[in-house]
Structures are given as structure tokens and as C-alpha cells.
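Dear colleague,

Please look through it first, and then read the notes below.

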Amino acid sequence: MTLLTVALVLASLSRLSLAARRLPGQLAETAPLRDAMSYHGGAVLRGEIPVSIVWYGQFKPAQKAVVVDFLLSLTSVPVNATPSAAQWWGAIDRAYLSNATASGGVGGSNATATRVVLAGQVADEQYSLGKSLTLVEVFQLAAALVPGDRALVLVLTDPGVVVEGFCSARCGLHGSDDAGARYAYVWVGNAESQCPGQCAWPFAEPAYGPRGQPPLAPPNGNAGVDGMVVTLASMVAGAVTNPQGDGYYEGARDAALEACTACAGKFGSGAYPGYPGKVLVDETTGGSYNAVGANGRKYLLPAVFDPATSACSTLV
């Protein structure tokens, strides 16, 4: 790697968002927002967003299907499906994307709803950068795909991969490239074996913080993957509404609260720290969910902060 490449990669971290999904022990510390979620004039991702996935490590086909179906669910409404993942995505589109500017090289037309389109998938089963990754290396994995304009790259790591700050500081994050901010990227780790109590809650007993509520049964039968979907949903929401750090957020830019992270730990009505709220339960599997998705999938998706009402909105 040349010195110029190293400099560019390091510079890109200035566009990295640390507005990651909050750990359970931090939920009680989440104070109400002082003001409504603010729009800071920057670009958003909207229109047709091509999404690519980097599967880093070992993922079973069934695990991949849960994530892929989630992405398909965002713009595909199953017949008689309510509440749906598409409704969740529509709330983000209406509240944030349709009113924002497309300046800065990231954005699209106001005329059409924002759609997620699966553009491709790459599997790195041999851990090309090893099993311990820095945030710079996470960015390298995303950049290696050479994403096009207004694209979104998802870097997903398996339970055996240790990523800088994983479990101790974050469950996932999002950022953008530094070459005109043409694309955004998201990283999410599978916490199944490393820290389920931190990053797979509410499908695992919290490692610290408020207790007393039993863990919810994961809707797709895998606490690690269903936990990834919760974090992925939060990070994708942040990536499209605040891709460069100057879109929608509240608080300090380097510790921003975003569309979903402003409502951390809330999944249903009556939620409070340590209690995810009243959600639906599948009569057959016992899995807890609040959204129906593609191919009969069910998901637990985070609440969305509504700038118009300055309140968190849940599907149920």
C-alpha cells in the first residue's frame, strides 16, 4: 500500500459515524433529545440505492437468507402483511429523505420513493485481512468493491471476527468514502459468541444495565443473526439519512443520535430501559417480531424518531 493510499484511507475515517447501536447498559443513560432532530443541510441517500454485501468469514446459507430477505423486505410489501418492514422503511423515507437536499454528490430525485436494490454479494470466507480488523480495514473491505455513485456497501463479519471497538464500544457503524462522498458503507458484527448480551439484546440477557425481563425469542431462530438485523436496520437508517455526517442528526457530530439510534432499545409500545416494549409473538415459533417481511420472514425492527413529533415511533 502506498503512502498516498494510506493517507486517503486514514482521512476517510473523518467521515466515519460512531452513532452506532447503543449497548444495553447505555440505554438508561439516553436522555430525551433537547430539540427535534435537526437537518444540517448535507446530502442523503435516496432514489434507487444499489446495495452490495461483503460476507466476511463463514456464514451459512440460512443466515445469509435472513439478511437478504430483510433488504428485499424494505421495498417489497407482502400481501396482507401488516405491520411490515416496508412500512418501517416508508416512515424513514417520508420523515427524512423526501425533504432533504441531494447536494454533495449523494442523493437522488424527489419524484420517487427511495428503493433498496440488491446489487451483488461477495464472500470472503478465507478472512483475507485476518480475524482481527481495524476500522481502517473495515473501510478497505467496502472500498474493494469499487462502489458506484449513491451506493451502499454492507460489511458483515462472522462471530469469530474481532473488530476494533466491537462489544466494548459499538455493535456496528456507518461511514462514507472520502473521494467526494460517492457512496456509504455499514459494518455490523455477529455477536453470537463474543457479546450476545451487548449486541444481540433483546434476544439475550443483557450483560449489564437494567434487568428483570427475560430475553425475547428471535423471530428467525438465531439470536446472533436476528441481533445483526436489529443493528443493521439502525445503521442503514443512519447511512441513508446522515451518510456524510452533515445530514439528519442530533447532538455532537462525532457522537450523533440518528433516526434509529435516538430511539435505542425501543421496539414496541410502552418500552423503557431494559424492556423492549410490547411486540408480537409468532404462534408457531414463539419468536418475537414487529414487522413482516419478504418470503414469510418476520423481524424485530427498531423504533424511528419522528422529527415532526419529536417522538419515537414503533410499528406496534
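A charge is said to sit over a ring if NZ of Lys or CZ of Arg is within 6 Å of the ring centre and within 35 degrees of the ring normal. Here the charged end of Lys131 lies over the ring of Tyr127, at 4.7 Å from its centre.

This is a predicted model, in which local features need pLDDT of at least 70 and side-chain atom pairs count only at pLDDT 80 or more, while totals for chains, interfaces and linings use all residues. Residues are numbered from 1 along each chain as its sequence is written, and side-chain values use heavy atoms, with hydrogens and water left out.

The structure contains 11 aromatic pairs, where rings of Phe, Tyr and Trp (its six-membered ring) pair if their centres lie within 6.5 Å, with planes under 30 degrees apart counted as stacked, over 60 as edge-to-face and the rest as tilted.

Phe70 and Tyr299 are both buried, meaning under 20% relative accessible area, with a 1.4 Å probe and protein chains only. The ring centres of Trp88 and Trp89 are 6.5 Å apart and their planes are at 35°, so this pair is tilted. Phe70, Trp88, Trp89 and Tyr299 together form one aromatic cluster.

Best regards

How values were computed: Buried < 20%, exposed > 50% of the residue type's maximum accessible area, 1.4 Å probe, protein only.
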